[in-house]
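Please open the structure in your viewer and keep the selection tool at hand, as this tour goes from one stop to the next.

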Amino acid sequence: MLMLWMLVNPLTAVLTFFSLIGYAIVYTVFLKRATPQNIVIGGAAGAAPPVLGWVAVTGDVHAHALLLFLIIFTWTPPHFWALAIARKDEYAQVNIPMMPVTHGVEFTRLQILLYTILLFVVSLLPWLTGMSGWLYLLGAVGFGAGFLYYAIAMMRSDRPELPMKTFSYSITYLMGIFSFLLADHYVPLVLG
């Protein structure tokens, strides 16, 4: 924290401290075993890195940084609940109240679908607000359609491989849309 304070900026140090406390103490010690909404609430700490990076470079919290936060925050539940379905028995054995354990697999699948729809909409916000251009929009729609495919497939079928395929795709999804966001930023510079 001292290095961030002295070599980067105080705001980055403070936000990093709160993010660390949020994840290591609030989420890990308390929420993880207290509520099936643990992933939703704990997702805030996991979504902090883009904001921290933005603040480290600019020195302030910009609305565009908060859009990046919102994308990761909304992505976290369908990402982890797919894994939780695949590992339901393991979570039950160690008494971690993941949603498939407490509310059942069918309810969790519905939540995955609803959050994936929300994520699809949220992922359009960088384009809608002028933060990005058409290249990002194409990537967000394409990767979002893929995520929706898996979420719908999980609703329609209980094939045992689908949760892990959905989990794996969710990682590809996040990397893909952020890659498109980055490419979208630099393409006008290369072409201009």
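**First stop: the pocket**

Select helix H11 (residues 162–191), which gives the most to the lining of the largest pocket, with 7 residues; helices here are DSSP runs of H or I with at least four residues, numbered from the N terminus. This is a predicted model, in which local features need pLDDT of at least 70 and side-chain atom pairs count only at pLDDT 80 or more, while totals for chains, interfaces and linings use all residues. Residues are numbered from 1 along each chain as its sequence is written, and side-chain values use heavy atoms, with hydrogens and water left out.

Next, select Trp-54, Met-131, Leu-181, Leu-182 and His-185, which lie nearest the centre of this pocket among the 10 residues that line it. A pocket is an open set of points on a 1 Å grid over the protein atoms alone, where a 1.4 Å probe fits, with protein on both sides within 12 Å along at least five of seven lines, and lining residues have an atom within 4 Å of a point.

**Second stop: Thr-108**

Move on to Thr-108, which has its place in helix H8 (residues 105–123). Is Thr-108 buried or exposed? Thr-108 has a relative accessible area of 0% and is therefore buried, a word that means under 20%, whereas exposed means over 50% (1.4 Å probe, protein chains only). Leaving aside neighbours within four places in sequence, Thr-108 is in contact (heavy atoms within 4.5 Å) with Trp-81, Ile-85, Met-99 and Pro-100.

Finally, select Ile-39 and show Tyr-27, Thr-76, Pro-77, Phe-80, Trp-81 and Met-98, which Ile-39 touches when residues up to four places away in sequence are not counted.

Key: Helices (H or I, at least four residues) and strands (E, at least two) are DSSP runs, numbered from the N terminus.
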